[in-house]
Amino acid sequence: MVLDVAPREIRLTFSEAPELGFTSVMLRAADGRSVMLTSPMLAADAASTLVCGIRGTMQAGRYVVEWKAGGSDGHPVKGTIAFSVSAAAAVPLAPSVGTLPTRADSSTQQIDSVGAHHDPALMPESADDGAFGSESPLYAAVRWLQYVGLLIVIGCAAFSTLVVGSVMRFHPSDSALVRGARSRAARLGCWGIVVVAISAVLRLFAQFYAMNGMGAHLSRTDVWSMMRETSWGTGWIAQIIAVIVTGVGFLMATRQSLVIPSNSDATVRPLAPSWGWTIAALGAVALAFTPGLASHAASAPRFSALAMVADGLHVLGAGGWLGSLSVVVLAGIPAAWALPDNARGAAVADLINAFSPTALVFAGVVATTGVFAAWLHVGSVDALWMTTYGRVLLVKLGVLSLVAGTGAYNWLRVKPQLGSDRAAQRIRRVAAMEVLIGVIVLIITAVLVATPAGADMQM
């Protein structure tokens, strides 16, 4: 593209509004010299258009616009636009700050992405020559770690509040089963919060390097700008606050069932208010809605608010279903197994009978919100097999069907036989297998959230 009049501005039109905290634009001459630009601004006439005024002088020759940006979901995208200025072109006047033109006029030209190539869509792609990006295995591993922690935390809260709460209809609150199950769940919840906190720190570094490349110098100013000026940063801060609240609740819960010697007998004395589990549960619900602030839901072109609510309910449902199942395997059944031999089988049966109805409800929430998300992000039936997003989604659904099938086997074949030690050991093995398949589902989910949505690819 050759311009007969030197441009006064650069306009980049995206498929959605870019986040200024993730955005940078550079204009370079053929000799590598940088031309001074104003700070990127959103155009007054189009929120999805980025405008940079050209303040430096331009001579005849070849130029390249180098840009990188990110949407509200935090997925980075970058590109270049090449053009030339003819020898007869006039040198532009430097625009005044705050008075950038929003449309081309008859006396100047603009470097517009529409005229040069195409609208750069805010869709994820590997950054920094593939060394590290939002779709890289390392970033996927960080997201997987986050999901594991979230499901454990939500599962612990749901297990203690709903499953153990139902068991208390048959066992007193100070019984060995209730105390043991809640004590183990509280400690497991503390470890889950640690995992979420570690993943949050790793995500902060991963996001910085995904946007800027592995060779970028990490500075507090840049990180703070990313946290303060983007929706991704808002979600990250919200998650940290929810982690602190939930962690406090779990720490209080761990102190509610301590056994303290009193004379010759062991008595149970709660050392913290009973609302420790309430705080943990409220924090876990808040945590469930934080991933949606940096996901496809946040950048949905339509029904974005409903999409983020559905995303939060989806995470909450997964935690209440697979997360609670994990806690049953890791905390509930071990607590029942610590009882005298003649009470083990009945205790495991009580736990499974209390878990089953809550699992059905949460699984229904997962299915309902999953269908809505698929309708919103896939775009069309053909996109299920014609786009990467659709194919990854199909793989996820296929593996998830194995989880559902294993659960149905437990419900129909194993659950009716509960009451004996042998049946308890059997359901523990099958439930553990169900949890392991769920871990694979989380790996696929970590890849899916960084894959360009099928609906975006068809825009």
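Predicted model: local features only at pLDDT ≥ 70, side-chain atom pairs only at ≥ 80, totals over all residues.

Visitor: Is S199 buried or exposed?

Guide: S199 counts as buried, because its relative accessibility is 0%.

Visitor: Leaving aside neighbours within four places in sequence, which residues is S199 in contact with?

Guide: With those neighbours set aside, S199 touches V142, L145 and Q146.

Visitor: Let us turn to α4. Which of its residues are buried?

Guide: Helix α4 spans residues 220–228, and its buried residues are V223, S225, M226 and M227.

Visitor: And what covers them?

Guide: The cover over the buried residues of α4 includes α3 (176–212) and α5 (231–254).

Visitor: Now the helix pairs. How do α7 and α11 cross?

Guide: Helix α7 covers residues 304–337 and helix α11 residues 421–448; their axes come within 10 Å and cross at roughly 150°. Since the limit for this class is over 145 degrees, α7 is therefore roughly antiparallel to α11. The crossing of α7 and α11 is left-handed.

Visitor: Which residues meet there?

Guide: From α7 the contact takes in W321, L322, L325, S326, V329, I333, P334 and W337, and from α11 it takes in D421, A424, Q425, R428, A431, A432, E434, V435 and G438.

Visitor: What about α2 and α11, at what angle do they cross?

Guide: The axes of α2 (residues 137–167) and α11 cross at roughly 130° and come within 8 Å. The two helices, α2 and α11, are therefore oblique to each other. Their crossing is right-handed.

Visitor: Which residues make that contact?

Guide: On the α2 side they are A140, R143, W144, Y147, V148 and L151, and on the α11 side V439, L442, I443, T445, A446 and V447. The residues of the contact of α2 with α11 comprise 10 nonpolar, 1 polar and 1 charged.

Visitor: Finally, the whole protein. How many helices and strands are there?

Guide: The protein has 12 helices and 11 strands. Of its 459 residues, 51% are buried.

Visitor: What is the accessible surface, and what share of it belongs to carbon and sulfur atoms?

Guide: The accessible surface comes to about 20600 Å², with 63% of that belonging to carbon and sulfur atoms.

Visitor: And the contacts along the sequence?

Guide: Among contacts with a separation of 6 or more, 74% are between residues 24 or more positions apart.

Terms used: Residues numbered from 1 in each chain as written. Heavy atoms only, no water. Helix = DSSP H or I, 4+ residues; strand = E, 2+ residues; numbered from the N terminus. Buried < 20%, exposed > 50% of the residue type's maximum accessible area, 1.4 Å probe, protein only. Contact = heavy atoms within 4.5 Å. Areas by Shrake-Rupley, 256 points an atom, 1.4 Å probe, with all protein chains shown as cover. Axes fitted to C-alpha atoms, helices over the stretch in contact; angles between N-to-C directions. Parallel < 35°, antiparallel > 145°, perpendicular 65-115°, else oblique. Left-handed = near helix turned anticlockwise from the far one by under 90°. Nonpolar A, V, L, I, M, F, W, Y, C, P; charged D, E, K, R; others polar.
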